[in-house]
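User: I am new to this structure and would like to learn how to read its features one at a time. Could you take me through them, giving the general idea before each case?

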Amino acid sequence: MEEIYKKAGESVIRMSQLMLPSNANFGGKIHGGYVLSLMDQIAFAVASKFSGHYCVTASVGKVNFLKPIEVGELITLIASVNYVGNTSMEVGIRVESMNIQSGEIKHCNSSYFTMVAKDEHGNSVRVPRLILSNEKEVFRFYKSVIKIEIDKERERAILDLESDSEEQLNYIREHHDVQIMLS
């Protein structure tokens with residue numbers, strides 16, 4: 001079977017939406033969960049566009065909320081495929097908000113969603129290979145590879161933790177200001 005190759009740039013989607021009072025939390029800022037929902041939607045759209053298949057979210061990378069989004073601001077999500085595995089794709093997402101009166105733009109957060117392509121029976125399917133067309137795309141791909149290696153190493157380290165509770169207790173007492181009251 002011949003491999004299909006697609007340019008990373010072909011996967012790019014931009015989505016903008018005005019933030020309404022109904023999207024606000026009790027503090028009057030746009031609810032983080034609402035922003036995450038929009039991020040998941042664009043990750044699905046990008047992955048489905050690139051793969052030509054229905055896609056599901058396998059994992060969400062760290063999300064730091066850098067700046068609050070105000071009611072009345074226009075948010076824009078920009079997303080693209082940064083990396084492909086066999087059946088999975090990493091979609092990078094950047095969220096910006098714009099004060100539509102002043103034109104001021106803020107970078108509010110960025111994250112990486114891992115999406116998996118599925119066939120009509122729910123089985124994972126191979127995704128197209130990636131063509132990297134510029135230095136930014138090469139950097140994003142390489143960054144994804146490094147993150148994957150770090151994640152694997154972190155998982156190995158966690159699995160290798162000793163179950164020696166005395167060692168854990170001593171470490172916690174030495175490095176953290178907590179009271180330990182075991183029953």
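Analyst: Let us begin with exposure, where a residue is called buried under 20% relative accessible area, exposed over 50%, and partly exposed in between. Please keep in mind throughout that this is a predicted model.

User: With those cut-offs, is Glu 3 buried, exposed or partly exposed?

Analyst: Glu 3 has a relative accessibility of 34%, so this residue counts as partly exposed. Arg 126, with a relative accessible area of 40%, is partly exposed as well.

User: Which residue forms a salt bridge with Arg 126?

Analyst: A salt bridge pairs a side-chain nitrogen of Lys or Arg with a carboxyl oxygen of Asp or Glu within 4 Å. Here the partner of Arg 126 is Glu 3, with their closest N and O atoms 2.8 Å apart. This pair links distant parts of the chain, since Arg 126 sits in the loop between strand 6 and strand 7 while Glu 3 belongs to the segment before strand 1, 123 residues apart. The structure holds 8 salt bridges, and another of them joins Glu 70 to Lys 29, again with the closest N and O atoms 2.8 Å apart. Because Glu 70 lies in the loop between strand 3 and strand 4 and Lys 29 in the loop between strand 2 and helix 1, that pair ties together parts that are 41 residues apart in sequence.

User: How many residues separate Arg 154 and Asp 151 in helix 2?

Analyst: They are 3 residues apart in helix 2, which means that about one helical turn separates them, and their side chains meet in a salt bridge at 2.4 Å, N to O. Helix 2 itself covers residues 135–159 and reaches 36 Å from its first C-alpha to its last, and its N-terminal end is capped by Asn 134, where a side-chain oxygen lies 3.1 Å from the backbone nitrogen of Lys 136.

User: Which residues have the most contacts inside the largest nonpolar core?

Analyst: That core has 30 residues, and those with the most contacts inside it are Met 89, Val 91 and Ile 93. Helix 1 gives the most to this core, with 8 residues. Met 89 touches residues including Ala 47, Phe 50, Val 81 and Phe 113.

User: And where does Ser 97 lie?

Analyst: Ser 97 lies in strand 5 and is buried, with a relative accessible area of 1%. Its side chain makes a polar contact with the side chain of Glu 73 at 3.2 Å, and among the other residues that Ser 97 touches are Ile 69, Leu 74 and Ile 105.

Note on methods:
Residues numbered from 1 in each chain as written. Predicted model: local features only at pLDDT ≥ 70, side-chain atom pairs only at ≥ 80, totals over all residues. Heavy atoms only, no water. Core = buried A, V, L, I, M, F, W, Y, C linked by side-chain atoms within 4.5 Å. Buried < 20%, exposed > 50% of the residue type's maximum accessible area, 1.4 Å probe, protein only. Helix = DSSP H or I, 4+ residues; strand = E, 2+ residues; numbered from the N terminus. Contact = heavy atoms within 4.5 Å. Expected span 1.5 Å × (residues − 1). Polar contact = N/O pair within 3.5 Å; in protein donor to acceptor, adjacent residues only side chain to side chain. Lists of a residue's contacts leave out its neighbours within four places in sequence.
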